[in-house]
Amino acid sequence: MTMTREGSLEAPIRHPIDWRSPEFYDEDSLNAELERVFDICHGCRRCVSLCQAFPTLFDLVDESETLEVDGVAKTDYVKVVDHCYLCDLCYMTKCPYVPPHEWNVDFPHLMLRAKAVKFSKGQVKARDKLLTSTDLVGSLAGIPVVNGLVNATLSNAVGRGLVESVMRVDKTARLPRYHTDTLRKRHRHLVNRKAQGEGAGPTTGKVAVFTTCYGNYNEPDVNEDLISVLEHNGIPVTLAAEERCCGMPKLELGDLEAVDKAKRANIPVLKALVDEGWDVLAIVPSCVLMFKQELPLMYPDDHDVQEVADHVYDPFEYLLLRHKHGKMNTAFQKSLGKVIYQASCHQRVQNIGQKTRDALSLVPGTTVETIERCSGHDGTYAVKQEFHAASMKIVRPVANRIQKAEADHFGSDCPMAGAHIAHALGEDGRQQHPISLLRLAYGL
Ligand code: SF4
Ligand code: SF4
């Protein structure tokens, strides 16, 4: 008799994403794999509270004639897939059956495959293609006259009603403002490649900031805070001469050709920076994860992708790596009091530990409480009319914790999640990114 172990004593591994093989897009093969994994999940149900994908699956099973996965119509599988926004939490925090376990369950990457098949069949809304074209939308909305129109439309009830009826973008969801003076325009002077850094551990001590679409067009101030903190730590900063979206929104849509296009634009530029000794930091954890994990899994044989991945860091991970070698400035001028922040999913799955908490805790007179729950934002999930209510249900426990904490500051490692949480609290704009708090503590 063969015994199947529950869980694995070995560290989880992630298999490469075989997105170039014809089998990847074969619908019968996909449905067979979905049925296999859904059946394991039905018998396990650990992930029921993580997001809306699992309750949707379990409801389908419980309402089927057989009360098993074989009773669920294959055409209904997509209802589960649509609720997954690839946060990766089920894989990283709950699932005992991830590889090397013989059951080989990688729920998020199976959802990614299903999204890619759906996209290849053209079953994707024009709205979703537009919402995920973050650099195109940002650059159009950043044109001065267009910018006024976009921001005015998005900030009045009539405009939002119109956007809801035409685009099915929920009129109560928080939408970001667009800036004409983007981060990359404000800091043109930083495209300077001659600076010298002081290495510490694996870090080179000079940083190229990947500004990210959101950090460039929507919240450039957070990137300014990052630049200010780095320079205060004696770390020269530059920007890449060119930058495209990292590709994460397109990955979440299943548009893998668009991910490939973004990769072909970004990787040569970032590789050239890495060759000159620059490390790469980004303020949005999803963009860091894209370069650290998803692209290396999509291109396992591409050395440039791997080399860039080895030099991409979360900002707090970077500061603390240097702190180990006495190279972090700890001459803080102000205490922060009580801080509560949400550790975003895409930062948690980087497996770097609680670096934000550890860095903020270095500030005297500061206590830090971490919330390890999803905000339900995902960049686009929270704004879509059909998913907005589910997103607000997911964020509610996070908002409740913050309300109870009565802290001096709250925020999230993900600027979008922070804004979504503040919106759920009815306190739009009160969120502060942890890097902004560090700047505040330095008195800069
Ligand atoms: S990756 Fe995230 S959203 Fe997708 S099924 Fe897992 S927990 Fe839910
Ligand atoms: S993803 Fe893993 S832990 Fe989550 S319900 Fe499925 S089998 Fe269970």
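Student: Which residues come nearest to ligand 1?

Tutor: Keep in mind that this is a predicted model. Of the 13 residues around ligand 1, the nearest are Cys51, Cys84, Cys87, Cys90 and Pro108.

Student: Which elements give two or more residues to the shell around ligand 1?

Tutor: Helix H4 and helix H5 (107-120) do. H5 gives the most, with three residues.

Student: How does the shell around ligand 1 divide by class?

Tutor: Twelve residues are nonpolar, none is polar and one is charged.

Student: Now ligand 2. How many residues surround ligand 2, and which are the closest?

Tutor: There are 13 around ligand 2. Cys41, Cys44, Arg46, Cys47 and Cys95 are the closest. The elements giving two or more residues to this shell are helix H1 (27-44) and helix H4 (89-94). H1 supplies the largest share, three residues. By class, the shell around ligand 2 holds ten nonpolar, no polar and three charged residues.

Student: Next, helix packing. What describes two packed helices?

Tutor: The angle between their axes and the distance between the axes. Here, take helix H14 (residues 256-275) and helix H16 (residues 303-310). They pack at about 55°, and their axes are 9 Å apart. H14 and H16 are therefore oblique to each other. Their crossing is left-handed.

Student: Which residues make the contact between H14 and H16?

Tutor: From H14, Ile267, Leu270, Lys271 and Val274. From H16, Asp304, Val305, Glu307 and Val308. By class, this contact of H14 with H16 has five nonpolar, no polar and three charged residues.

Student: On to sheets. How do strands of a sheet pair?

Tutor: Through backbone hydrogen bonds, either parallel or antiparallel. In this model, three strands form an open sheet in the order E6-E5-E7. The pairing is parallel.

Student: Which strands stand at the edges?

Tutor: Strand E6 (366-371) and strand E7 (409-412). Each has a single partner strand, so one side of each is left without a neighbour in the sheet. Neighbouring strands of this sheet are turned by 20° against each other on average, direction ignored.

Student: Over how many bridges do E5 and E6 pair?

Tutor: Strand E5 (residues 337-342) and E6 pair over six bridges, in the parallel sense. For one position to look up, take Val339: its bridge partner in E6 is Val368.

Student: Which strands of the sheet does helix H21 touch?

Tutor: Helix H21 (residues 415-424) packs on the sheet and touches E5 and E7. The direction of H21 makes about 130° with that of E7.

How values were computed. Residues numbered from 1 in each chain as written. Chains lettered and ligands numbered in written order. Predicted model: local features only at pLDDT ≥ 70, side-chain atom pairs only at ≥ 80, totals over all residues. Near = placed C-beta within 6 Å. Helix = DSSP H or I, 4+ residues; strand = E, 2+ residues; numbered from the N terminus. Nonpolar A, V, L, I, M, F, W, Y, C, P; charged D, E, K, R; others polar. Axes fitted to C-alpha atoms, helices over the stretch in contact; angles between N-to-C directions. Parallel < 35°, antiparallel > 145°, perpendicular 65-115°, else oblique. Left-handed = near helix turned anticlockwise from the far one by under 90°. Contact = placed C-beta atoms within 7 Å. Pairing = 2+ DSSP bridges.
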